Each structure stands twice: as structure tokens, then as C-alpha cells.
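Here is a short tour of one protein fold. Keep the 3D view open while you read, and find each part as it is named.

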Amino acid sequence: MKKISLLVLSFFALVTARAQNADRSKFLKDSLDSYINRALTNWRIPGAAVCIVKDGKIVLMKGYGIKELGLMNKVDENTLFMIGSNTKAFTATALAMLQADKKLSLDEKVTKYIPEFKLDNKVAGELTIVKDLLCHRLGFRTFQGDFTFYNTNLARYEVIDRLGKMKATYPFRTTWGYTNAAFLTAGEIIPRVIGKPWEVYLKESIFAPLGMGNTLALSADMPKALNRTVPHTLVDNRLTAIPYCNIDGLAPAGSISSSANDLSKWVMALLNDGKVGNRQAIASTAIQATRQPQDIVGSVKHLNGETNYELYGLGWQIQDYSGHRIFMHSGGVNGYLTSVTLVPQDKLGIIVLTNTDQNELYDALRWEIMDAYFKQKFRNYSEVYLSQYKAGAARQLVTDRKLRDTIAMAPRPKLSLDDYTGKYTNDFYGNMAITAGENGILEMRFEHHPKMYAKLQALGGNRFYVTFSDPTLGKAVFPFYVTNNKVTGVRVKVADFIEYNPYDFKKVD
């Protein structure tokens with residue numbers, strides 16, 4: 001019996017080893033379509049576009065699903081998606097191209113190009129070089145300031161001015177912290193150097209030479225496009241179409257809209273040292289400049305058991321995985337999540353575009369495709385991520401139900417509702433006002449979010465349950481500060497998707 005068991009075990013060990021070492025590229029031909037379609041259903045994603053580039057050729061370029069919930073307009077390879085922070089690689093490459101043309105230096109101080117640039121730490125502001133802006137090492141916490149900057153009515157020069165007033169969380173150049181306003185500042189160096197706006201330079205120097213004829217630099221142009229998706233999110237667990245965000249005040253950090261077809265041309269050029277055929281469209285030195293590690297983000301543990309460092313170059317995240325150096329980035333704006341991945345040594349590029357901001361398929365799919373090429377075993381990343389996502393959503397649902405149950409009991413606030421109304425201000429953000437609404441609900445409106453408001457429902461004491469008209473800002477509990485039975489302020493907190501830091505507003509009237 002023992003001999004038979006050993007033979008059986010040996011057989012299964014051999015089969016397992018062969019399966020794990022098999023050429024999993026067949027997954028791409030035989031199973032990828034069904035994998036993606038199943039994932040779209042499970043994640044409740046209306047539409048997606050996927051492109052795989054290998055050895056200078058398109059292996060897959062395809063649209064899946066629909067552009068807008070309720071309408072049967074199918075996504076194709078030319079359908080536009082907002083790509084969010086995948087814009088950052090374009091901005092970093094544009095500046096590196098200007099360096100290659102000797103128009104600027106990434107190692108020069110920012111004040112050489114933008115004399116009015118400053119930071120709250122005066123010395124740090126004077127020492128900041130262009131590279132610092134492009135690799136998130138100014139000392140700010142990830143997303144710090146984005147409630148003020150993101151999807152607001154602030155102009156670019158106002159963002160730069162307010163960046164100079166934002167108090168750093170960490171000492172200068174000591175800690176990585178993802179800073180969208182820094183990339184905006186970097187992009188605004190371009191018109192100071194060549195006299196053309198960031199969006200014009202990108203169109204003339206990158207989009208046109210690469211043949212990216214449908215790509216839009218500004219978010220304001222997206223609603224005017226014919227072949228475009230519509231953004232979606234979950235509102236009370238219902239998939240809902242939402243308005244496009246307007247982030248042109250932060251344009252170099254995240255305003256581009258593009259398609260799988262156009263992005264394939266971008267990716268193929270980057271994997272071919274900037275060449276399109278025999279023509280040098282992007283300087284090779286510019287591409288290499290963006291891939292030099294500048295900052296340590298932290299460590300990352302992969303599902304295959306590996307633990308490696310995650311680094312940041314200029315507009316690219318850098319990881320080592322299964323013996324391969326990976327350059328990648330994700331992009332998230334209201335109603336969209338996307339990813340772009342480069343594996344230069346394998347001449348492999350992966351593009352995933354989705355039109356909902358409530359999914360992790362954009363991330364799972366790139367690892368699934370890389371594993372297929374790297375001959376790793378099948379791990380079903382989408383299902384693993386989905387399980388984790390559902391667990392988190394279930395916990396949030398319990399919290400929301402408890403708060404709603406409390407509201408249903410009609411608890412009285414500690415003071416009269418009129419005591420909470422009035423004008424408030426935050427030194428960094430600006431002004432906010434609270435007025436009395438209907439049925440005992442207060443309304444909060446913010447100076448730089450003219451199209452957005454929040455409803456406040458009493459939870460008892462000086463706490464209110466808050467829902468924003470813009471669902472991407474989330475739901476929260478706002479505590480009011482009270483001294484001697486007088487309201488002195490309120491703490492405002494939006495969804496972590498926008499910003500982790502809370503804002504304390506002081507009551508002034």
C-alpha cells in the first residue's frame with residue numbers, strides 16, 4: 001500500500017509541476033474572454049477595454065460590455081475612458097523630453113521656472129527640484145489637499161498658491177506621499193519654458209507623433225466626444241451613472257481620456273525606446289529618465305508569496321516580480337479605474353480600462369496576464385480580490401445600517417438646529433456654509449464645490465450623519481465642536497478615495 005501511495009503522490013507531484021510550468025499563454029487565447037466577461041458580471045462593471053502588446057504586436061485589443069448602464073452601446077477599441085493618474089506618465093515623459101531637448105533640467109530648482117513657487121517649509125520650497133514634484137517626496141501625506149484641489153473650481157495658479165500653504169506631514173524628502181498638486185505644478189513648468197500650455201504640448205509632441213488621434217488632454221472635452229463611456233459608481237449598492245468630474249485644475253495629474261487603441265500606440269512606443277517604426281518619436285533618454293527609481297514607497301507582498309520593494313520613478317510605480325522589472329500605474333477618477341503596465345525586458349504591455357470606480361479588476365487583470373506570460377500558476381486574482389472587496393463592503397453596510405437605524409429613532413441634537421447653521425471657514429480650504437433644510441435636515445455647501453452639497457441628519461449629541469450629493473465623496477459622521485453651549489466648529493471628512501486627512505472648519509458667524 002505504501003508503494004502505491006508513493007507512486008500516486010509522485011504522479012500527482014509530476015502533474016502539478018508540469019501544470020505550474022506549462023505555457024500559460026494559452027490562457028490568453030482560450031480563456032481570457034470568458035474570464036473578463038465573468039468578472040464584469042461579478043464586479044458589476046458596465047464596460048471595459050483591454051489591450052495586450054507583446055514583442056511589438058497587438059496580441060489582444062477589445063472592448064467589453066457597454067458604455068452606459070441601460071443603453072446597449074457597446075464599448076470598442078476606440079471608446080474613450082478617463083485614465084486618471086495614468087496621465088502622470090505623460091506629464092513626466094513630456095518634461096523629460098524637454099530635458100532631452102535641453103529646454104530644462106529635471107535637477108534644476110522649481111523656482112527657476114516658477115519663481116512664485118513655495119512650500120510652507122521655506123527652505124524646502126527653495127530646495128525643491130523638478131524631480132521632487134514628479135516622484136511624490138515633498139513631505140505630504142498621500143492625497144493631502146485633494147478635497148480642496150480635486151473636482152473643484154480652483155484654477156491651476158490657485159492650486160500652486162495653496163500648495164505653498166499646505167503644512168507638510170513629514171520632513172522634506174523623507175517619506176513618499178502621493179501628491180496630485182505637485183504633478184500639476186510640474187506640468188505648469190511647460191508653458192513657462194516653451195510658451196505653450198501643458199495640453200497643447202502633449203497634443204503636438206506626444207499624441208500627434210504617436211497617432212493618438214482620439215485622445216483628449218482635458219476632462220472638459222470628454223462630454224463632447226462621440227465614442228465615450230459614461231462614469232459609474234455604487235449609490236446605496238445600486239450601480240448608477242454619475243457626472244464626469246472636472247479636474248482640469250489638476251490636469252497634468254489626471255485629466256487625460258483615451259482608448260485602448262490610442263494607449264496601445266503609447267505603450268508600444270515606450271517598449272520600443274520611443275521609436276515608431278524607424279522614427280524616433282520620443283527620445284530614448286527621456287524614457288529612461290522616467291524609469292530611474294527615485295523614492296521608496298514600501299514593500300509589497302504578491303499572491304505568489306514574493307515580497308519585494310515598491311519604488312517610484314517619475315510617473316511610474318516600479319516593482320520586481322517573478323524575476324521581471326515592472327513599470328506600472330493605476331488611475332482613478334470619479335466613475336473610472338484604469339491601469340497601464342510595462343515589462344520592458346519581455347516587451348510586454350497591458351492596458352485595462354473600466355468605467356466604474358468600484359472594482360479591482362483593473363488591477364487583478366494585469367497580474368493574471370503577467371502570470372500567464374511568466375508561467376506562474378493560475379491564481380484567479382479577480383475572485384480573490386472580489387472576496388476581499390465583498391467582505392469590506394459588508395462591514396461598511398453594517399455600519400451604515402446602524403447609523404440609519406439611529407436616524408430613524410429621530411434623536412434630538414444637543415442644541416437647536418439653528419445653532420449649527422451659519423458660516424464656517426478653514427484656513428486652507430476656504431469657506432463653507434450650513435443652512436436649515438427640510439424635515440430637520442441641515443445642508444452644507446462649500447465655496448470651491450459649487451455643484452455639490454451635503455445633507456446632515458442628527459445622530460444625537462453634536463454628531464450628524466452626512467451624505468454628499470457627489471457619491472464619490474462617501475458618507476461620514478461629522479462631529480461639531482461646542483464650547484459653553486456654543487458651536488465653534490465642525491470636522492469634515494470625505495471618502496479616503498479623495499483624501500485621508502480631515503478638515504476642521506471654524507464657525508465665524
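Two strands pair if DSSP finds at least two bridges between them. Helices (H or I, at least four residues) and strands (E, at least two) are DSSP runs, numbered from the N terminus. This is a predicted model, where local features need pLDDT of at least 70, side-chain atom pairs count only at pLDDT 80 or more, and totals for chains, interfaces and linings use all residues. Residues are numbered from 1 along each chain as its sequence is written, and side-chain values use heavy atoms, leaving out hydrogens and water.

Start with strand S4 (residues 232-235) and strand S5 (residues 238-241). They run antiparallel and are joined by four bridges. Thr233 stands opposite Thr240 in S5. Two residues lie between the strands of this hairpin, and Asp236 has a positive phi near 50 degrees.

**The whole protein**

The protein has 18 helices and 22 strands. Its radius of gyration is 25 Å, close to the 23 Å that the globule rule gives for 509 residues, so the protein is as compact as a globular protein of that length. The radius is taken over C-alpha atoms, and the rule is 2.2 Å times the number of residues to the power 0.38. The C-alpha atoms fill a box of roughly 80 × 70 × 45 Å along the principal axes.

How much of the protein is buried? Of the 509 residues, 53% count as buried. Buried means under 20% relative accessible area, exposed means over 50%, and partly exposed is in between (1.4 Å probe, protein chains only). Contact means heavy atoms within 4.5 Å. Among contacts with a separation of 6 or more, 61% come from residues 24 or more positions apart.

**The open sheet**

Eight strands form an open sheet in the order S2-S1-S14-S13-S12-S11-S10-S9, with antiparallel pairing. Its edge strands are S2 (57-65) and S9 (295-301), and each pairs on one side only. From one strand to the next, the twist averages 20 degrees. Axes are lines fitted to C-alpha atoms, for helices over the stretch in contact, and angles run from 0 to 180 degrees between N-to-C directions.

Inside the sheet, S12 (residues 324-333) and S13 (residues 336-343) pair in the antiparallel sense over seven bridges. Gly331 has Thr338 in S13 as its bridge partner.

Two helices pack on this sheet. Helix H3 (residues 32-43) touches S1 (47-54) and S2, and its direction makes about 30 degrees with that of S2. Helix H16 touches S1, S2, S11 (317-321), S12, S13 and S14 (348-354), at about 155 degrees to the direction of S14. Of the 13 residues of H16, 13 are buried. At 1.5 Å a residue, the 13 residues of H16 (residues 361-373) should span 18 Å, and the end C-alpha atoms are 18 Å apart, which agrees. That expected span is 1.5 Å times one less than the number of residues.

**The barrel**

Eight other strands need a separate look. They close into a barrel in the order S15-S16-S17-S18-S19-S20-S21-S22, with antiparallel pairing. Here the twist averages 30 degrees from one strand to the next. Five bridges join S18 (residues 453-458) to S19 (residues 463-468). Leu456 stands opposite Val466 in S19. Helix H17 (residues 381-408) packs on this sheet, touching S18, S19 and S20 (475-483), and its direction makes about 115 degrees with that of S19.

**Cores**

A nonpolar core is a set of buried Ala, Val, Leu, Ile, Met, Phe, Trp, Tyr and Cys residues joined through side-chain atoms within 4.5 Å. The largest has 120 residues, and Phe90, Trp266 and Phe446 have the most contacts inside it. Helix H4 (residues 87-100) gives the largest share, eight residues. A second, separate core of 35 residues includes Phe27, Leu32, Tyr35 and Val352.

Most residues other than glycine have a negative phi.
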